[in-house]
Amino acid sequence: MINHDDHPLRPDFEEQDHRENELRPRLLEDFLGQEQIKANLRVFIQAARERQESLDHVFLSGPPGLGKTTLASIMAHEMGADLRVTAAPALEKPKDLAGILTSLQEGTVFFIDEIHRLKSSLEEMLYVAMEDYEIDWIIGQGPSARTLRVPLPRFTLVGATTRPGMVASPLYTRFGIPLRLDYYTRDELAAIIRRTSSILEIAIQEEAVLLLAETCRGTPRVANRLVRRMRDFAQILGEGVITGAVVREGMERLNIDQYGLEEQDRQILRAIVEMYQGGPVGAETLAISVGEELDSLEVFYEPFLIQQGLLQRTARGRVATARAYAVLGLPQEDSGEDQRSLF
């Protein structure tokens with residue numbers, strides 16, 4: 001059961017599309033991709049259930065949109081436990097966290113998104129809660145103040161972050177199960193696209209599946225978003241079937257190229273190449289140049305560009321690769337890259 005009524009908990013699975021919940025698998029066997037993580041989690045969950053214990057605390061890291069929240073929901077469902085969801089920025093004061101911790105039930109999976117943004121005073125409260133299943137609460141003020149230790153039920157804390165390096169070491173080491181999610185392969189994304197199309201009850205041709213799998217940034221969230229948008233184009237501009245032609249038309253209208261790059265991706269690369277002669281350029285300077293928040297640049301855009309071999313991080317700053325020149329259609333000697341075209 002998912003509880004999202006108590007402040008400061010946010011509603012679980014906030015998505016713009018009202019059918020997004022239907023796309024989220026509820027069982028590990030329905031979760032596509034991340035095979036090693038699933039295999040290990042299956043063992044940990046089965047062992048905990050056989051011992052009739054709560055699952056050990058889990059630390060999930062990786063780029064956004066890879067399924068961290070979904071995995072937390074699956075853990076709760078597989079353990080037969082409640083799921084409580086919040087985000088670190090919503091926890092302002094110790095009383096906010098204490099109110100949630102003291103209301104948990106035995107075995108509850110407590111999911112904290114963006115855990116790297118947790119305040120230090122709340123981290124210290126979590127240290128004791130995670131290890132001893134207790135919290136220290138100060139009653140009174142001044143010389144008459146005293147500390148009361150409040151017992152907690154055994155729960156599973158699932159912390160998720162896109163910035164694992166920003167999580168304090170004392171907090172990180174208290175997680176018994178650290179898991180890192182990686183970008184998905186084309187075949188895994190193709191399977192996700194087929195599943196999403198089936199759930200949305202929209203016919204899709206295999207050519208369209210493969211085209212979409214190439215352009216969704218290795219990310220299931222992007223894949224699901226593109227399927228929904230292609231459904232719209234197929235409904236209005238086509239005959240209700242997502243075909244290769246519909247995908248090509250839709251991608252052109254959405255300004256997404258054959259590499260999965262959106263306009264802001266190309267703008268970042270162009271800024272490095274044209275304004276800074278290919279780099280190096282500092283992240284803050286680059287963010288200002290393209291009108292982007294530094295956090296968004298480092299968390300959302302750069303990991304994909306680096307993974308695609310278009311951008312390098314060096315000690316002196318960001319550098320565009322030879323492949324970036326080829327993708328942008330700009331000349332560079334000995335780039336060694338041949339442009340390809342899917343559309």
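Which residue in E4 is the bridge partner of Val 85?

Guide: The model shown here is a predicted one. The bridge partner of Val 85 in E4 is Phe 111.

Strand E3 covers residues 83-87, and five of its five residues are buried, so the strand is largely enclosed by the rest of the structure. Its side chains point in two directions. Leu 83, Val 85 and Ala 87 point one way, while Arg 84 and Thr 86 point the other way. Both groups are buried.

In soluble globular proteins, nonpolar side chains tend to be buried together. The largest nonpolar core in this model has 52 residues, and Leu 60 and Leu 71 touch the most other members. Helix H9 (residues 220-236) supplies the largest share of this core, seven residues. The core also draws on two domains, with at least three residues from each of domain 1 (17-180) and domain 2 (186-254). Apart from this core lies another, of 26 residues, including Ala 98, Ile 100, Ala 129 and Leu 171.

Leaving aside neighbours within four places in sequence, Leu 71 is in contact with Leu 28, Phe 31, Ile 37, Leu 41, Leu 60 and Leu 181.

Thr 69 lies in helix H3 (residues 68-79). An unreviewed UniProt entry lists Thr 69 under "binding site". Thr 69 counts as buried because its relative accessibility is 15%, and the cut-off for buried is under 20%.

A last stop is Arg 195, in helix H7 (residues 186-199). With a relative accessible area of 25%, Arg 195 is partly exposed. Arg 195 and Leu 23 are 172 residues apart in sequence, yet their C-alpha atoms are 8.3 Å apart in space. Leu 23 is also one of the contacts of Arg 195 when neighbours within four places in sequence are left aside; the others are Glu 22, Arg 24, Pro 25, Asp 30 and Leu 32.

Terms used. Residues numbered from 1 in each chain as written. Predicted model: local features only at pLDDT ≥ 70, side-chain atom pairs only at ≥ 80, totals over all residues. Heavy atoms only, no water. Core = buried A, V, L, I, M, F, W, Y, C linked by side-chain atoms within 4.5 Å. Buried < 20%, exposed > 50% of the residue type's maximum accessible area, 1.4 Å probe, protein only. Helix = DSSP H or I, 4+ residues; strand = E, 2+ residues; numbered from the N terminus. Domains from an automatic or database assignment. Contact = heavy atoms within 4.5 Å. UniProt positions renumbered as here; feature names shortened; annotations may be inferred. Pairing = 2+ DSSP bridges.
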